[in-house]
Amino acid sequence: MAHDASHYLMTPLGVVTVRDTAHLAALLRLSGSSGTPIAFRSGGTSLSGQASTEGLLLDTRRNFRAIEVLDGGARVRVQPGATVRQVNARLARHTRKLGPDPASEAACTVGGVVANNSSGMSCGTEFNTYNTIESAVLVLADGTVLDTAAPDADERMREAAPALWHGLAELRDRVRSDPAMVETIRRQYAIKNTMGYGVNAFLDHDSPVQLLLHLVVGSEGTLAFVAEATFRTLPVRAHTATGMLYFPTLADATGALPALVASGLATVELLDATSLRVAQRDPGADDELLPLRVDRHAALLVEYQEADADALASRLAAWPELVTVLPLVQPATLTQDPRRRDALWHIRKDLYATVAGNRPSGTTAMLEDIAVPVAALRETCEGLTALFDRHGYEDSVIFGHAKDGNIHFMLTERFDDPGSTQRYAEFTEEMVALVLRNGGTLKAEHGTGRIMAPYVRRQFGDDLYGVMLRVKELADPRGLLNPGVLLNEDPDGPLQHLKLTPTVEAEVDRCVECGYCEPVCPSKDLTVTPRQRIVLRRERERARLAGDAELVAELDRDYGYDGLDTCAADGMCQTACPVRIDTGKLVKRLRAEHDHPVAGAGWDAAAKHWGTVTRAGATAMTTAKLLPAPLVTAVTDLGRALLGADDVPRYDGGLPRGGTPRRARATADAVAVYVPSCIGSMFGPADASQGVRDAFLALCERAGVAVTIPEGVESMCCGTPWTSKGNHAGHRTMAANVLPALHEATRGGELPVISDGVSCTEGFLNLAAGSGLTVIDAVAFVEREVLPALSVRAPFASIAVHPTCSSTHLGVTDPMVRVASAISDDVVVPVDWGCCAFAGDRGMLHPELTASATRAESAELAGREFAAYASANRTCELGMTRATGKPYRHILELLDDATRT
């Protein structure tokens, strides 16, 4: 928990997982009585060091995730541990969204959004957190809980915190009576600005309780804790048109801004020449960018966002006339194609990944942000480029929200070298002078944090800085809330507690500790997350280099369960990671290193006799089903106690009987080779269900689509059981058995291979990589080749669909939903769906992992009954059946039922 996305690292006195608001208030009272500093931590995506402490670190993520949509989506009440994406997913049903739209929306939490006064790509200053928050439940430094939404909130505040109430009223009057302070505030907040406290509140609000609420916004946990916040929401403008405009120079791009902004564009994103050169290295670079010989070029990514098609059509009608007056190096067209739009945004969003992912091992990636008046944007960007050159920072890209004069730039630095640290300090001083000289702010979105705290006085002047000091003194008299953050007189403060990143291994070295992986991790609420698995490896290496053998041994001991045993190795972390790290691959490799030779040999032997193994497993499952479940469970529990929980699966009565054998089936004029999954042979279908194998064959027959099942199918497997355990020998053995047989069956790759379990499909794709074989999941195959020939005769009233980690990786989720929508008018994918973590046998080895991973989705589904529950993988169906008590079946089984004559 001590590691966050910033380049600071402090070791806390302790970490407390806060249970609820009352618990937090008690901790604040304890802090006051003991003089112990406190910091709040939720998503850990902040970049400026505001979530680090040497005192108590309070984890406010796990138990503060409630979301309540109000007034048909016009407002939403949220606890601080919910991510922006989770909130917007619930609002989407009402075509509404939050105002702030930070790029980190998948991982940043509402607590951080409020603490940093977040904005984003399109909200500007009008719809940032400050201007869309309506009320909050605040916990003050002395433990007082104050709900600013109460009708008598101001009076309650005066009674509960009289010094704070009177002090804020006095500051309000003092600021308003000083023309110089008023003018400075108006100028400072005409642009995005998150430096210091939001003293614009003293001009915008009257009552002390509203002053406090809006001062807390952007206060970075230094004034109070936000236990709950209520926001006014915005309508979703779903009709978009997007384009990339390439200009010969930065001056040409910035000169075009007034006309572009006046045309009604929602977003105008700047990419400088270095950004374009870096983006050309990305595999996702498009045909417009790749041929460009970048010299002094710049680009603007622009997008219209409108509420309806007519409004967008009006914008598009005026576009040709607008672009004729722009000095473009190539024609500019706008696209409404979602795939083309995604490709354009990929260029902009993947700049960070490209630079950070290719930085030298041992260096730290830093993403900074500033804002200046738009008129000063060109001069500021050119000045920054000169600073990069002067200080030797290569590939330092400049990009950002040009419409707001808000730009980001990236540096990579090595903080274990005193010379490099001094270089960074000198660069920072010159950068500060450049930005302030151009009338800008040193922080626009990311918060003051530790990095810019000593420069608040320089930006605002002595008088307003004095006001800020007084605000802190009134709200936190003992200075125990996040000391050193936002206000700090120590000029060397930004150079203290810098994070060092020792070289460890490829996955670890590329990690920037952003935390984007954490919301999608199945073990996040049980043990550790991918980010934590990686930083534990870094801490182990740091301890080893320091000669601390005792700490190394302790970390190794704890890492066995927390880091290895409870990792589902599902690869979902890679889908969220900006530098595309699959921590599951790291875990698999480490499992292989820890694998006992006897166990490894056993799995290799199993690969050679897989048909026998699957039948033995099926027989065991059927036998167990005939015996009293408590007896079988007790036997497996004894085995787990004797041999280890990671080696002996735990039986429970909810598991099915064994499946039936797989048999070859020759078919004339086959268009595909079907390999039924061995999971379906080992685990039988849900009660009274036909199973996916019979369903798939029946559907193909009904549609007149001929498929064949190859000889030797009873011994075939996709190889996933071996890769998940890091057993490379067994995987090679299975590949040597399967690939020649499939080459023969497919006539040298002429026919595709069809797999009926989406995780098996992913496994076959890995197994067959480079072999010339084409592998397709049965759901995608049926949707494309079979479904059009079917007639729905018995539709389902409603279906709850559980996507899987593999359906996400392979793009099979949308086909699965489309198949469900063909047989039901009411198809629901839970907002809180996530990997079930059954992960082959992982859910039987560590059922507590599946229980934790499915808790939120299960709770959401408990709100209503569905006629059917569907997924696309037998083990995932087992996991979700266990979690919800509902019979999950393969979506193709439901399709068979609905189209059967």
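Helix α1 has His23, Leu24, Ala25, Leu27, Leu28 and Ser31 as its buried residues (buried: under 20% relative accessible area with a 1.4 Å probe, protein chains only). The model is a predicted one, in which local features need pLDDT of at least 70, side-chain atom pairs count only at pLDDT 80 or more, and totals for chains, interfaces and linings use all residues. Residues are numbered from 1 along each chain as its sequence is written, and side-chain values use heavy atoms, with hydrogens and water left out.

Back to α1, which covers residues 21-34: at 1.5 Å a residue its 14 residues should span 20 Å, and the end C-alpha atoms do sit 20 Å apart (the expected span is 1.5 Å times one less than the number of residues). Helices (H or I, at least four residues) and strands (E, at least two) are DSSP runs, numbered from the N terminus. The buried residues of α1 pack against β1 (14-17), β2 (38-41), β3 (56-59), β7 (133-140), β8 (145-147) and β9 (224-232), where contact means heavy atoms within 4.5 Å.

Among these strands, β7 has seven of its eight residues buried, so the rest of the structure largely encloses it. Strand β7 pairs with β9 in the antiparallel sense over seven bridges (pairing takes at least two DSSP bridges between two strands), and Leu140 has Ala224 of β9 as its bridge partner. Strand β8 also runs antiparallel to β7, joined to it by three bridges, with Val137 partnered by Asp147 of β8. The two make a hairpin with four residues between them, and Gly143 in the turn has a positive phi of about 95 degrees.

Elsewhere, an open sheet of four strands runs in the order β18-β17-β19-β20, with parallel pairing. Its edge strands, β18 (707-708) and β20 (775-777), each pair on one side only. Strands β17 (residues 672-675) and β19 (residues 753-755) share three bridges in the parallel sense, and Val675 stands opposite Ser755 in β19. Helix α32 (residues 758-767) packs on this sheet, touching β17, β19 and β20, and its direction makes about 170 degrees with that of β20.

Finally, helices α6 (residues 162-176) and α19 (residues 462-475) pack at about 170 degrees, their axes 9 Å apart. Axes are lines fitted to C-alpha atoms, for helices over the stretch in contact, and angles run from 0 to 180 degrees between N-to-C directions. The pair is therefore roughly antiparallel (an angle over 145 degrees).

Technical notes: Parallel < 35°, antiparallel > 145°, perpendicular 65-115°, else oblique. Buried < 20%, exposed > 50% of the residue type's maximum accessible area, 1.4 Å probe, protein only.
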